[in-house]
Amino acid sequence: MSKLFTLLTIVIGLNLIFGCAAAKKKVAQPAAEERAVTTLDGKFDESFDPLSLEDDDIVIKRNNRGAKAAKPGLEALDLTDAQSTSENEAIPDSLLTYKEVDGFRVQIFAGRSVETATMTKSKAQLDFEPHRLKVYFIFEAPFYKIRIGDFTDRNQAERARELARKIGYREAFVVRSKVRVAENLGGE
């Protein structure tokens, strides 16, 4: 009887050990929206639209205190186009339509390094923002070029070249280019 009791104890012990190890644990499944859905080709479904969320939009206002102030003597240069300062001044830039015409820009950089050109563009945007001059990144193989302004008048382009040289772009020069000019919204 002692052998039967020992055998029965061993069988029950083994049954407890292997029975608990074989039991499946139930894990709560995530909701259908939370599961990553894969398509037949194995790629993830990226159909989530963040605009469908009912959250507040964050608006960051532009702070001009952080912008560089114009250096002394540079604010006297009048680089504004008579057309842009009249009726288009009150119209937001996003609502204006533009046309391309023959004109002039000032080239402030040309090089083969995209990294240097990108850094020059970032610096130029800060330097020329107080003067309301747009900065353009152009690639004409094999050179990356940074140009500023949209001038229809050569004299304005020359004044912008002087400004660029005073700011520190010593090799700035005027080039012929297609430029963007705001169209007259009055139907003219």
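I started at Pro-142, which lies in the loop between E2 and E3. The model is predicted, so I kept that in mind throughout. A cis bond joins Ala-141 and Pro-142, with omega at about 0°.

I checked backbone angles next. Arg-132 has a positive phi of about 55° and is not a glycine. I placed Arg-132 in the loop between H3 and E2. Is Arg-132 buried or exposed? I found Arg-132 exposed, because its relative accessible area is 64% and the cut-off for exposed is over 50%. For context, I noted that most residues other than glycine have a negative phi, and that most peptide bonds are trans.

**Helix H3**

I then turned to H3, residues 114-128. I tested its length. At 1.5 Å a residue, its 15 residues should span 21 Å; the end C-alpha atoms are 21 Å apart, so the two agree.

Which residues of H3 are buried? I listed Ala-117, Thr-120, Ala-124, Asp-127 and Phe-128. They cover an arc of only 85° around the axis, so they sit on the same side of H3.

What do the buried residues of H3 pack against? I traced them to strands E1 (98-111), E2 (135-140) and E3 (143-151), and to helix H4 (154-167).

**Core**

I looked up the largest nonpolar core, which has 21 residues. Val-106, Ile-108, Phe-128, Ile-148, Phe-151, Ala-164 and Tyr-169 touch the most other members. E1, H3, E3 and H4 each supply at least two residues of this core. H4 gives the most, with five residues.

**Rings**

How many aromatic pairs does the structure hold? I counted three. Phe-137 and Tyr-144 form a tilted pair, 5.9 Å centre to centre, with 50° between the planes. Ring pairs link Phe-137, Phe-139 and Tyr-144 into a cluster. Phe-137 is partly exposed, with a relative accessible area of 34%.

Last, I looked for arginines over rings. Arg-105 lies over the face of Tyr-136, at 3.7 Å from the ring centre. The charged end of Arg-180 sits over the ring of Tyr-98, 4.0 Å from its centre.

Note on methods
Residues are numbered from 1 along each chain as its sequence is written. This is a predicted model: local features need pLDDT of at least 70, side-chain atom pairs count only at pLDDT 80 or more; totals for chains, interfaces and linings use all residues. Side-chain values use heavy atoms; hydrogens and water are left out. Helices (H or I, at least four residues) and strands (E, at least two) are DSSP runs, numbered from the N terminus. The expected span of a helix is 1.5 Å times one less than its number of residues. Buried means under 20% relative accessible area, exposed over 50%, partly exposed in between (1.4 Å probe, protein chains only). The arc is that of the directions from the helix axis to the C-beta atoms. Contact means heavy atoms within 4.5 Å. A nonpolar core is a set of buried Ala, Val, Leu, Ile, Met, Phe, Trp, Tyr and Cys residues joined through side-chain atoms within 4.5 Å. Rings of Phe, Tyr and Trp (its six-membered ring) pair if their centres lie within 6.5 Å; planes under 30 degrees apart count as stacked, over 60 as edge-to-face and the rest as tilted. A charge sits over a ring if NZ of Lys or CZ of Arg is within 6 Å of the ring centre and within 35 degrees of the ring normal.
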